[in-house]
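Reader: I have a model open and want to learn how to read it. Where do we start?

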Amino acid sequence: DLALYEAKRAGRGRSRLFQPGMDTLLHERREMEIDLRRALALKQFELHYQPFLDLASDEVIGFEALLRWRHPVRGNVPPLAFIPLAEENGLIVKIGEWVLRTACLQAATWPGERTVAVNVSPLQFKADTLLETVKAALERANLPPRRLELEITEGALLDNTDSVIRTLNALRDLGVMISMDDFGTGYSSLSYLQKFPFNKIKIDRSFVAGASADSEAILRAVAGLGTSLGMAITAEGVETAEQLARIRGERCTHVQGYLTGRPMAAEQIGDFLTRPDPVTALEDTAA
Ligand code: C2E
Ligand code: MG
Ligand code: MG
Ligand code: MG
């Protein structure tokens with residue numbers, strides 16, 4: 001209840017004053033972990049969806065599911081503030097199952113044949129239940145496998161290479177699409193593109209921002225290589241009409257970013273899809 005909660009809060013503030021440094025950090029972390037353990041049961045998670053467009057048609061052909069934690073005290077905790085913790089203590093496996101189940105159920109209600117892209121943590125691969133979890137989520141939602149895309153970061157590929165390849169191949173055999181997320185950050189290795197069965201490369205937004213001639217050269221090279229290997233290429237994090245214009249000149253097939261749509265609540269998707277064509281509208285205002 002509120003009074004108890006306020007008292008606890010005041011108490012926390014005091015302990016922060018008297019024991020700064022490591023103790024406070026550990027305490028804070030422990031509290032966050034306790035809260036995280038309860039978050040699923042208390043239904044504090046929610047998925048938001050960010051559209052991605054096909055650059056040939058300018059159509060919204062899918063949405064990426066992005067996890068949101070509505071904490072009663074902390075407010076909205078961004079994924080990068082709790083996913084690493086959930087990975088360290090293994091909670092990400094249960095949370096990831098919920099994400100897959102929820103994303104498939106919600107995608108099944110969308111108009112058209114749009115794809116839902118779900119981020120998968122390396123830990124979910126190690127748990128060895130990913131294939132079964134994906135199958136169960138698809139069946140329960142009655143969603144065709146081709147409408148599900150799994151996004152994997154390079155970190156997932158570092159160890160257990162053989163078992164990761166086996167799982168990825170089994171998922172592909174099922175008909176699910178596999179994307180390499182945030183390409184160019186982390187431990188990128190071009191050999192990954194050959195070794196793992198990706199359908200798509202998502203080029204990290206740091207290369208899309210066009211901050212330097214180098215980043216443009218990298219974007220061009222990766223898009224060229226991915227295209228010759230038969231993969232789709234998404235430019236992530238496109239925020240301005242200038243960036244979009246530049247991306248159109250490269251061999252990118254898809255675009256995702258604030259310019260073409262911010263992450264939104266599931267209930268907003270219907271309205272979003274019925275507004276006038278987003279890209280044309282934007283280019284008209286820019287002109
Ligand atoms: P990501 O998979 O690369 O997702 C894209 C992130 O970039 C999202 O941040 C999105 O809101 C943000 N973004 C999209 N367009 C733009 C843009 O134009 N400009 C800028 N500045 N940012 C843009 P978000 O939602 O905070 O998610 C951060 C990361 O957390 C994700 O990066 C992903 O790695 C991870 N994540 C999110 N949901 C899940 C999940 O369900 N499971 C797992 N394992 N990881 C997740
Ligand atoms: Mg992603
Ligand atoms: Mg990404
Ligand atoms: Mg990212």
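**Reading the metal sites**

Author: Donors are N, O and S atoms within 2.8 Å of the metal (3.2 Å for Na, K and Ca); water is not among the atoms, so sites may look incomplete. This is a predicted model: local features need pLDDT of at least 70, side-chain atom pairs count only at pLDDT 80 or more, and totals for chains, interfaces and linings use all residues. Residues are numbered from 1 along each chain as its sequence is written, chains are lettered from A and ligands numbered from 1 in the order in which they are written, and side-chain values use heavy atoms, with hydrogens and water left out.

Reader: Which residues coordinate the magnesium ion (ligand 2)?

Author: Glu64 (OE), Asn119 (OD1), Glu151 (OE) and Asp181 (OD) do, at 2.0 to 2.2 Å. Their spacing along the chain is E-x54-N-x31-E-x29-D.

Reader: How far apart are the magnesium ion (ligand 2) and the magnesium ion (ligand 3), and which residue coordinates both?

Author: They are 3.7 Å apart, and Asp181 coordinates both. Distant parts of the chain are linked here: Glu64 is in strand 2 (residues 59-71) and Asp181 in strand 6 (residues 177-183), 117 residues apart. Helices (H or I, at least four residues) and strands (E, at least two) are DSSP runs, numbered from the N terminus.

Reader: Is Asp182 buried, partly exposed or exposed?

Author: Start with the cut-offs. Buried means under 20% relative accessible area, exposed over 50%, partly exposed in between (1.4 Å probe, protein chains only). Asp182 has 24%, so it is partly exposed. Asp181 is buried, with a relative accessible area of 5%.

Reader: Which salt bridge does Glu64 form?

Author: A salt bridge is a side-chain nitrogen of Lys or Arg within 4 Å of a carboxyl oxygen of Asp or Glu. Glu64 pairs with Lys202, and their closest N and O atoms are 2.9 Å apart. Glu64 lies in strand 2 and Lys202 in strand 7 (residues 200-203), so the bridge ties together parts 138 residues apart in sequence. Glu64 is buried at 4% relative accessibility. Lys202 is buried too, at 1%. Elsewhere, salt bridges with shared partners join Glu28, Asp35, Arg38 and Arg74 into one network. The structure holds 14 salt bridges.

Reader: How many residues separate Arg38 and Asp35 in helix 2?

Author: The general idea is this. An α-helix has 3.6 residues a turn, so residues three or four places apart point the same way. Now the case. Arg38 and Asp35 are 3 residues apart in helix 2, which means a separation of about one helical turn. Their salt bridge has its closest N and O atoms 3.1 Å apart. Arg38 is partly exposed at 44% relative accessibility, whereas Asp35 is buried at 13%.

Reader: What does helix 2 reach from its first C-alpha to its last?

Author: The expected span is 1.5 Å times one less than the number of residues. Helix 2 has 18 residues and reaches 25 Å, close to the 26 Å expected. Its buried residues include Met32, Leu36 and Ala39.

Reader: What does Leu36 touch?

Author: Contact means heavy atoms within 4.5 Å. Leaving out residues up to four places away in sequence, Leu36 touches Phe45, Trp69, Phe82, Leu85, Ala86, Leu91 and Ile95. Leu36 is buried at 2% relative accessibility.

Reader: Which residues make the nonpolar surface patch of about 320 Å²?

Author: Patches are made of residues with over 30% relative accessible area and no salt bridge: like charges are joined within 9 Å, nonpolar side chains (Val, Leu, Ile, Met, Phe, Trp, Tyr) within 5 Å. Areas come from the Shrake-Rupley method with a 1.4 Å probe; for residues, only the protein chains shown count as cover. Here the patch is made by Met22, Leu25 and Leu26. Leu25 lies in helix 2 (residues 22-39) and is exposed at 56%.

Reader: How many helices and strands does the protein chain have?

Author: It has 13 helices and 10 strands. Of its 287 residues, 44% are buried. The accessible surface comes to about 14,500 Å², with 54% belonging to carbon and sulfur atoms.
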